[in-house]
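Subject: Structure for your review

Dear colleague,

Please find below the structure that I am handing over to you. A summary of the findings follows it.

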Amino acid sequence: MHFAFPPRKSSNPPPYAMRSSRSYAGSRFFTRASRLQQLLVVVLGAFTTIWLVARLFGGSSAPSIPAGTPRAVVVTTIDPSLSPSYKEAIKSNRKHYAEKHGYVAFFPNTTDYPLDNAPGSWSTVPALRHAMSLYPHTPLVFYLTSTALIMNPSLDLETHIMNPARLESLMIVDKPVVPPDSVIRTFSHLKGDRIDFVLTQDSEGLAGGSMIIRNGEWAKFFLDAWFDPMYRSYNFQKAEAHALEHIVQWHGTMLAKLALIPQRILNSYTTGNIEGVYQEGDFVANFHGCIRDPSRNCEEEIQPLLTRWREIRDRER
């Protein structure tokens with residue numbers, strides 16, 4: 001009887017076996033490389049996210065500023081329908097102040113921006129964004145309504161308000177954002193060097209006729225959010241003013257950069273609450289409401305203080 005014997009194993013394996021082993025090793029190599037790539041992408045994404053959050057919501061940094069850059073830009077939007085003499089008076093007031101302190105003045109028209117049928121007062125927001133694009137290295141942007149005059153031109157923005165220690169001494173903390181009884185209150189633990197947006201309150205709410213924004217990534221983010229078409233379509237009673245109140249009350253990333261300061265420091269009214277009424281020596285006199293009230297005439301109301309400002313200006317020369 002014959003038995004079949006299994007074939008002997010050759011000491012020289014066929015070529016396909018060698019290729020199979022190499023293919024397996026190569027597969028393991030590429031698998032490891034793919035996992036390493038995925039890990040690198042995750043790590044890079046995490047660092048990018050941390051960097052963006054730090055840039056947007058961290059403390060205000062002090063980037064290098066090219067020589068000759070103005071330290072602030074003063075922005076006033078101008079309604080083309082105003083009389084030439086009134087427009088010239090407003091522009092002269094801002095230019096004198098800007099030249100005195102190494103700032104620059106910017107006067108866009110209220111009709112320069114597409115507002116999608118929203119009230120013309122909304123032009124304030126894109127005007128500020130426009131100023132930042134024109135002067136990207138300028139640290140401060142100061143918006144002042146066309147119904148106001150700078151009455152104490154000796155006060156510069158940095159020393160009078162924006163110096164961190166000075167700002168901390170002025171900040172109104174743990175108070176309703178919108179008086180008298182808003183449930184959202186200003187933060188009580190903020191430091192002056194973390195503030196990027198400064199304005200005041202009046203008896204009705206936030207007073208946006210005079211405000212200062214620190215130029216930077218957060219400011220761009222904030223203005224883009226404020227100008228969102230959704231807010232313009234809400235038909236707020238006071239347009240962009242009520243939209244601003246909504247944003248800072250219900251978005252902590254906005255409130256965390258906001259400082260409210262006493263009204264007479266930045267935005268004195270010529271009429272109204274006695275605590276905020278203009279007195280000689282105040283920085284700004286604002287004829288608040290003179291445009292909306294048909295019984296008032298802005299050009300007539302401004303004349304006495306315009307004459308006083310010209311006396312102050314001429315005395316400095």
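In which strand does L206 lie? L206 belongs to strand β6, which covers residues 206-214. Please note that the model is a predicted one.

The surroundings of L206 may be described as follows. With a relative accessibility of 8%, L206 falls under the 20% limit and therefore counts as buried. Leaving aside neighbours within four places in sequence, the residues in contact with L206 are V177, L199, T200, Q201, L244, E245, V248 and L260. The C-alpha atom of L206 is separated by 7.2 Å from that of A241, a residue 35 positions apart from L206 along the chain.

I turn next to a pair of helices. Two packed helices are described by the angle between their axes and the distance between the axes. Helix α6 comprises residues 217-226 and helix α8 residues 240-250; their axes come within 10 Å and cross at roughly 120 degrees. The crossing of the two helices, α6 and α8, is right-handed. On the α6 side, the contact is made by F222, A225 and W226, which meet E240, A243, L244 and I247 of α8. By class, the residues of this contact comprise six nonpolar and one charged, with no polar residue. L244 of α8, which takes part in the contact with α6, is also one of the residues in contact with L206.

A disulfide is a covalent bond between the sulfur atoms of two cysteines. Here the bond joins C290 to C298, with an S to S distance of 1.9 Å. The torsion about the S-S bond of C290 and C298 is about 105 degrees, and the disulfide is therefore right-handed. Both C290 and C298 are buried.

Finally, E299 is located in helix α11, which spans residues 298-316. Is E299 buried, exposed or partly exposed? Its relative accessibility is 28%, so E299 counts as partly exposed. Not counting residues up to four places away in sequence, E299 touches S83, S85 and Y86. For S83, the separation from E299 is 216 residues in sequence, while the C-alpha to C-alpha distance between the two is 8.6 Å.

With kind regards

Notes: Residues numbered from 1 in each chain as written. Predicted model: local features only at pLDDT ≥ 70, side-chain atom pairs only at ≥ 80, totals over all residues. Heavy atoms only, no water. Axes fitted to C-alpha atoms, helices over the stretch in contact; angles between N-to-C directions. Helix = DSSP H or I, 4+ residues; strand = E, 2+ residues; numbered from the N terminus. Left-handed = near helix turned anticlockwise from the far one by under 90°. Contact = heavy atoms within 4.5 Å. Nonpolar A, V, L, I, M, F, W, Y, C, P; charged D, E, K, R; others polar. Disulfide = S-S within 2.5 Å. Buried < 20%, exposed > 50% of the residue type's maximum accessible area, 1.4 Å probe, protein only.
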